[in-house]
Every structure is written in structure tokens, then in C-alpha cells.
Amino acid sequence: MGTAPAPSIARLGEVLLTRADELAAAMAEEIRHSVDFYEANSSLVTPDDLRRSCLDNMTYVFEALTGAVDADVSVAQDTGKLRALAGAPLTAVMSAYRVGFRFMWEASLAQAKAIGIPTDVILDATSQIMLAQDTFTQAMVGGYREQLTQKILSHEEERSALVEAILFGRITDTQNLWDAADILRLPTSGPYVVVAAQVPGVGKAGLPDIANRLDTRDIRSAWRLLPDQQVGIVHLRRPSARDDLIAVLRAAATSRVGMSPEFRDLTDTGEALRFARLAVAAKPRDGELVQVFDDSPLAVAAVAAPDVMQRVGRGVLGQFGDLPAEEQAMLVETFEAWLDAGGSANRTAAAIYVHPNTVRHRLHRIEERTGRSLSHPRDLAELCLAFEVDRRLP
């Protein structure tokens with residue numbers, strides 16, 4: 001539409017411009033009746049908004065017929081952006097454009113016949129209107145997608161900020177917590193867990209695409225990427241969700257991942273984050289990248305006051321530091337297996353595949369190194385706590 005139009009087409013454009021208000025209102029009604037979205041969502045795109053959009057686009061096309069404008073498609077781009085902001089589906093907007101340009105073509109054809117424009121000139125005008133439809137539709141789609149991208153990024157930034165606010169206790173009022181949970185698509189009551197994952201570098205996720213992976217298992221979650229960790233709140237809406245979550249984490253993990261114990265109230269999220277981070281820092285068992293913090297009283301006591309507990313651990317296990325790392329690990333494994341076996345050397349031996357006398361010898365080494373007797377309840381309690389602190393605290 002950059003070349004000078006034929007005089008008859010220019011005249012047609014001028015006549016149509018005099019009727020633009022009338023035709024725009026009729027076109028808006030046609031779109032409302034033909035495209036379900038506009039009929040059912042008049043609060044999102046009001047009749048006045050739709051009429052103004054029709055008038056803007058129609059005026060540009062008719063002015064182009066007169067030769068008054070060049071092919072500036074910003075009107076169509078603006079329409080696409082406005083509809084994306086309103087939440088209109090792209091398919092509905094494209095349908096509206098098809099209906100609208102058909103209406104313009106029919107109105108132009110009727111007007112051309114009324115003022116006696118020759119058929120060949122009418123065909124030329126039709127060609128220009130069809131070209132305008134294609135150009136305008138592409139421009140509208142470009143504007144729509146640009147605005148949608150910005151909207152998605154803005155929404156993700158809002159979600160991410162809310163996750164951080166909940167995790168770090170910046171939202172304490174119950175109603176505000178519920179509002180935040182609703183925005184994050186999380187139920188307002190648990191059980192929940194917090195997950196923390198080491199990241200390979202600043203700005204890189206330790207659990208790529210984790211929200212979508214969990215969505216496919218019907219597990220709702222919300223995540224925040226921090227400089228050193230990727231952290232998330234996960235809702236466990238069904239009994240098997242915990243096992244499914246662990247399975248997904250193990251499949252996705254490329255570095256250390258920690259998971260908190262379950263909790264019911266979002267006000268406890270900060271404490272759960274601490275447990276998840278401690279699980280990341282703890283000495284791994286069985287070579288697994290994913291470690292779950294055990295919420296037993298002993299485990300909680302071990303991390304309750306880190307400075308104090310570390311002094312306790314060093315006081316009991318101080319002589320362990322002289323041993324090679326492999327021997328330390330062997331003695332710790334034997335001690336934990338002995339506890340799990342209820343103090344039975346025979347059951348311990350069966351569990352770790354050694355002779356019962358080997359178990360007894362290793363336990364005696366622990367007694368020698370720590371100065372504690374496994375047969376004295378107080379000494380045994382101190383050993384249990386010291387080993388728990390050694391495993392839990394970095």
C-alpha cells in the first residue's frame with residue numbers, strides 16, 4: 001500500500017472514512033456474535049474497547065486506500081499487546097481479525113457498487129484489503145507474543161519473589177500467606193516439604209525444569225533460584241506423593257539435593273528450609289545425591305544449636321580425627337548398624353556382611369577412641385548425639 005492508488009480507490013477510501021464510526025460499531029457487534037470469547041468475556045475486552053480497536057484498524061485500512069499512509073502496522077501491534085494483557089487467547093484474536101477483515105471487504109464492496117466504481121477497480125481494492133489482512137494479522141501476532149512473553153516473565157518474577165518471601169519468613173500474617181499460596185498454586189494447608197539443591201553456577205538450576213516434571217506427577221511446587229541453591233516448596237497432596245517426589249528428584253539431580261521433613265503450616269517454611277539445607281550439607285549415605293532430613297528427636301537436637309552441638313561432637317569424637325577417613329567411615333557405619341540392630345552383634349554382622357567378632361572389635365575401638373562405654377546409658381546417649389552431629393553439621 002505504498003504506491004499511489006487509482007483515483008476511484010482513493011474516492012472509495014474517502015467515502016468509507018466518513019462512515020468509519022458507524023462501520024466500526026457494526027464490525028464490533030459482528031465480532032462479538034461470531035467469536036465466543038468476546039461474547040462471554042465482555043469484562044476482559046469491553047464493547048467500547050472492541051469498538052475502538054475496530055475503529056483504529058479500520059481507519060488505517062481506509063486511509064491506506066486513499067494513499068494517505070504508508071504500511072505502519074503499529075495499530076495492529078498495539079491490538080495484539082492489549083489482547084495479551086487482557087488474557088484473550090491468540091486463536092480468538094485471530095478469529096476476530098478474520099471476521100473483521102471480511103466485514104471490511106463486504107462493506108467496501110457494497111460501498112463501491114453504490115457509488116458506481118468499475119468491477120476491475122473493486123477487484124484491485126479487494127486485493128489491497130486482503131494484503132492488509134495478512135500484514136495486520138502478522139503484526140498483531142507479533143505484538144501479542146511480545147506482550148505475552150513480558151507477562152510470563154513478570155509473572156514468574158512475582159512467583160519467584162513470593163517463594164523467597166515465604167521461605168525467609170518475610171510474610172508472617174496467615175491471610176497474606178494464604179494469598180501467596182493461591183498465587184503460587186499451592187494449597188493453603190500441608191503437608192509440604194522444602195527442597196534445596198546445589199547449583200552448578202550462578203543463574204543455573206540444579207534441578208532443571210523441576211516444576212514441570214512434578215506437574216506431570218500431579219505434585220504442585222513453587223521454586224526460587226538463589227546464587228548458591230535452587231529452593232522450592234512442594235505440596236504433598238496424596239500419600240504416595242513423597243515417594244514420587246524423591247523419585248523425580250533422583251532422576252533430575254546432578255548435584256547434592258536436600259529435602260526437609262514434612263510440615264503442615266506455611267509459617268514453618270523457614271525452619272524446613274534450614275533442615276533441607278542441612279541435608280544438602282550432611283555427609284551423604286549410600287552415595288545418593290538426594291538426602292532427606294530425618295525428623296527424629298535426635299536429628300533435630302543435633303542441629304538445634306549448631307555452635308554448641310559442634311563443641312559437643314568434638315568433645316566426644318575428638319580422637320577420631322587421627323584415624324584415616326576410610327577407617328572413620330567403617331566405624332561409623334558399624335555403630336549405626338549396631339543401633340539399628342538393637343545392640344545385637346549378630347544382627348549387625350548380618351546387616352553389614354562381617355563376622356560378629358569383627359563387629360565387637362570395631363565397637364571396642366569406638367570405646368577406646370572416645371572414652372565412652374557402650375554399656376553405660378549416659379555414655380551411649382552422648383555417642384549417639386555426637387555421631388548425629390558429625391553427620392548432620394558441616
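Here are legends for several close-up views of this predicted model.

The model is predicted, so local features need pLDDT of at least 70 and side-chain atom pairs count only at pLDDT 80 or more, while totals for chains, interfaces and linings use all residues. Residues are numbered from 1 along each chain as its sequence is written, and side-chain values use heavy atoms, with hydrogens and water left out.

**View 1. The whole protein, before zooming in.**
The protein has 17 helices and five strands. Helices (H or I, at least four residues) and strands (E, at least two) are DSSP runs, numbered from the N terminus. Of its 394 residues, 45% count as buried; buried means under 20% relative accessible area, exposed means over 50%, and partly exposed is in between (1.4 Å probe, protein chains only). The accessible surface comes to about 19700 Å², and 52% of that belongs to carbon and sulfur atoms. Those areas come from the Shrake-Rupley method with a 1.4 Å probe, and for residues only the protein chains shown count as cover. Take the contacts (heavy atoms within 4.5 Å) between residues at least 6 apart in sequence: 71% of them join residues at least 24 apart.

**View 2. The largest nonpolar core, around Ile31.**
A nonpolar core is a set of buried Ala, Val, Leu, Ile, Met, Phe, Trp, Tyr and Cys residues joined through side-chain atoms within 4.5 Å. The largest one here has 48 residues, and Ile31 and Tyr38 have the most contacts inside it. Seven helices each supply at least two residues of this core: α1 (7-18), α2 (20-34), α3 (36-40), α4 (47-66), α5 (74-86), α6 (90-114) and α7 (119-167). The largest share, eleven residues, comes from α6. Zoom in on Ile31 and, leaving aside residues up to four places away in sequence, you'll find it touching Tyr38, Leu50, Cys54, Ala96, Val99 and Gly100. Another core, of 22 residues, lies apart from this one, and Tyr192, Val194, Val231 and Leu266 are among its members.

Another salt bridge pairs Glu327 with Arg365, with their closest N and O atoms 2.6 Å apart. Glu327 sits in helix α14 (residues 325-340) and Arg365 in helix α16 (residues 356-370), so this pair ties together parts that are 38 residues apart in sequence. Arg365 is partly exposed, with a relative accessible area of 21%.

Glu164 forms a salt bridge with Arg224, and the closest N and O atoms are 2.5 Å apart. The pair links distant parts of the chain, with Glu164 in helix α7 and Arg224 in strand β2 (residues 221-225), 60 residues apart. Glu164 counts as buried at 14% relative accessibility, whereas Arg224 is partly exposed at 24%. Strand β2 is joined to β3 by a hairpin through three residues. The two strands run antiparallel, and five bridges join β2 to β3 (residues 229-235); strands pair if DSSP finds at least two bridges between them. Ser221, for example, has Val234 as its bridge partner in β3.

**View 3. Aromatic pairs.**
Rings of Phe, Tyr and Trp (its six-membered ring) pair if their centres lie within 6.5 Å; planes under 30 degrees apart count as stacked, over 60 as edge-to-face and the rest as tilted. The structure holds four such pairs. One of them, Tyr192 with Phe263, is tilted, at 5.5 Å centre to centre and 35° between the planes. The partners are 71 residues apart: Tyr192 is in strand β1 (residues 192-198), and Phe263 is in the loop between β4 (257-259) and α11 (269-281). Tyr192 is buried at 0% relative accessible area, and Phe263 is buried at 8%. Phe335 and Trp338 form a tilted pair too, at 6.2 Å centre to centre with 35° between the planes. These two are three residues apart in helix α14, so about one helical turn separates them. Phe335 is buried, with a relative accessible area of 1%, and Trp338 counts as buried at 11%.

Note on methods:
A salt bridge is a side-chain nitrogen of Lys or Arg within 4 Å of a carboxyl oxygen of Asp or Glu.
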